[in-house]
Amino acid sequence: MGKKIGVIGSGFAGLSAACHLAKAGNEVIVLEKNSTPGGRARQLKMSGFTFDMGPSWYWMPDVFEHFFEQFQKTPSDYYELERLDPSYRVRFADESIDLPASMAEMEVLFEEIEPGSSLALRKFLKQAAFKYEVGINDLVYKPSRSLTEFADMRLLTGLMKMDVLTSMSKHIRKFFKNEKLIQLMEFPVLFLGSTPENTPALYSLMNYADIQLGTWYPKGGMYQVVEGMVALAESLGVKFHYDEAVTGVGIAGKNITYLNTTKGSHPVDVVVGGADYHHLDQHILPEGYRNYSPKYWDTRTMAPSSLLFYIGVDKPLPNMKHHVLFFDEDFKQHAHEIYNDPKWPSKPLLYTSVTSKTDDTVAPAGHENLVILIPVAPDLEDTEAIREKYFHLAMDRLEAFTGTNIRNHIVVKKSYAHNDFIADYHSFKGNAYGLANTLLQTAFLKPALKSKKLSNLYFTGQLTVPGPGVPPSIISGEVVAREIAKDFK
């Protein structure tokens, strides 16, 4: 094709798009406002501690394999993977449960909690496997530019089996009665940015990803995947420009002809917006060229934001695992305070990651690198006083759980919330995960990947198809590159 293509943003979607476009023979530049690549998946290093700032779950390994395969590479060319066992620990109010990597052990666990549920689990996962195969291989790779894309006999005949019109909440309760099992099965959809009541049961495919495909860890952290994709992109000729935010566009007729940045301008034949879609649409494009109105954006259901703490501790943390989910408070109450009555939560659930439990390269010897994440509603007031309040609330629970004083052993600490998401990523309303995957925000009901006003502008990432999460973002980059190849052949 040989086009000059400007990719805005170096998150997973931007990196994926850049690789595919360069492979097709284009001259690709990536313009990144921050000093390092990765977008929300950047890395933080402090005093010998290494933290993944964003994504920390490596799920759907087949998506990563598929990506690298297209360049005659494998993930192992860039990083070393380890399957976690247990996959993660869940802390309930009265006990902790470890989720084993082995399917046989998982069935034993379910049977102990609810007699008869191991057979229900098999049946549930059989359906989930079908959804995964059709959902990931057929639905998710569609650009959703037209309804006719979905007029495919395999999809139409499979639609009833896909449970698109049933909620995850109802679907799971057909199989399981025990409240703990229900929570365990509902957990994966939290990655999709909505409640189980508002998420289509199609997404039980996430349970298949969780239980059968497993939870993995790239040694050194998730940032190893970013570095691998950057190395691949550079080997394909992609040029990266860091500390260079896009500030505007030059337009001739129906085409963007150049991108203005904080350091100058770049002539382009095609533009891929991998930065925050709302920011590009509402703040970078002139008014007459925007895809959507401010009202459209304001009525979108956003996925949550997060309050994060990156903490280095100078001693081991008993009871902690690589991943721990704290379901020791009322899930419904916390969800209500994110989605229905947005406010800082009264008794939040927590997620913690301590990758030093698996990896001795991410913290000094005898130390731990602790990340705490509290899901919160987007668009909230974000002050130091509020952050400190929730830090101590989380510490009270973690110190009780580990049976040890953590606060007096903190070597380094950094917090991160709405204001940081906005400052670093122009994140709409300070969201962390993009657009919630509700039924009315699925496929062609998401913001379009192609501009309606400009013939050479495309969008990729978590605010367009297929949606939030690392694997969907990697897929999004491939989908947009394929559409550009089609449109500009």
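Student: How many bridges join strand E6 (residues 88-91) to E7?
Tutor: Strands E6 and E7 run antiparallel and are joined by 4 bridges; two strands pair if DSSP finds at least two bridges between them. Strands (E, at least two residues) and helices (H or I, at least four) are DSSP runs numbered from the N terminus. This is a predicted model, in which local features need pLDDT of at least 70 and side-chain atom pairs count only at pLDDT 80 or more, while totals for chains, interfaces and linings use all residues. Residues are numbered from 1 along each chain as its sequence is written, and side-chain values use heavy atoms, without hydrogens and water.

Student: What do E6 and E7 form?
Tutor: They form a hairpin, with 4 residues between the two strands. Within it, arginine 91 stands opposite serine 96 of E7.

Student: Turning to E10, E11 and E12: in which order do they stand?
Tutor: The order is E10-E11-E12, in an open sheet of 3 strands with antiparallel pairing. E10 (246-252) and E12 (264-267) each have a single partner strand, so one side of each has no neighbour in the sheet.

Student: And how many bridges join E10 to E11?
Tutor: There are 6 between E10 and E11 (residues 255-261). Valine 249, for instance, has leucine 259 in E11 as its bridge partner.

Student: Which residues of H2 and H9 meet?
Tutor: Phe64, Phe67 and Phe68 of H2 meet Val225, Gly228, Met229 and Leu232 of H9 (contact means heavy atoms within 4.5 Å).

Student: At what angle do the axes of H2 and H9 cross?
Tutor: The axes of H2 (residues 61-69) and H9 (residues 223-235) cross at roughly 15° and come within 12 Å. H2 is therefore roughly parallel to H9 (angles under 35 degrees). Axes are lines fitted to C-alpha atoms, for helices over the stretch in contact, with angles from 0 to 180 degrees between N-to-C directions.

Note on methods
Parallel < 35°, antiparallel > 145°, perpendicular 65-115°, else oblique.
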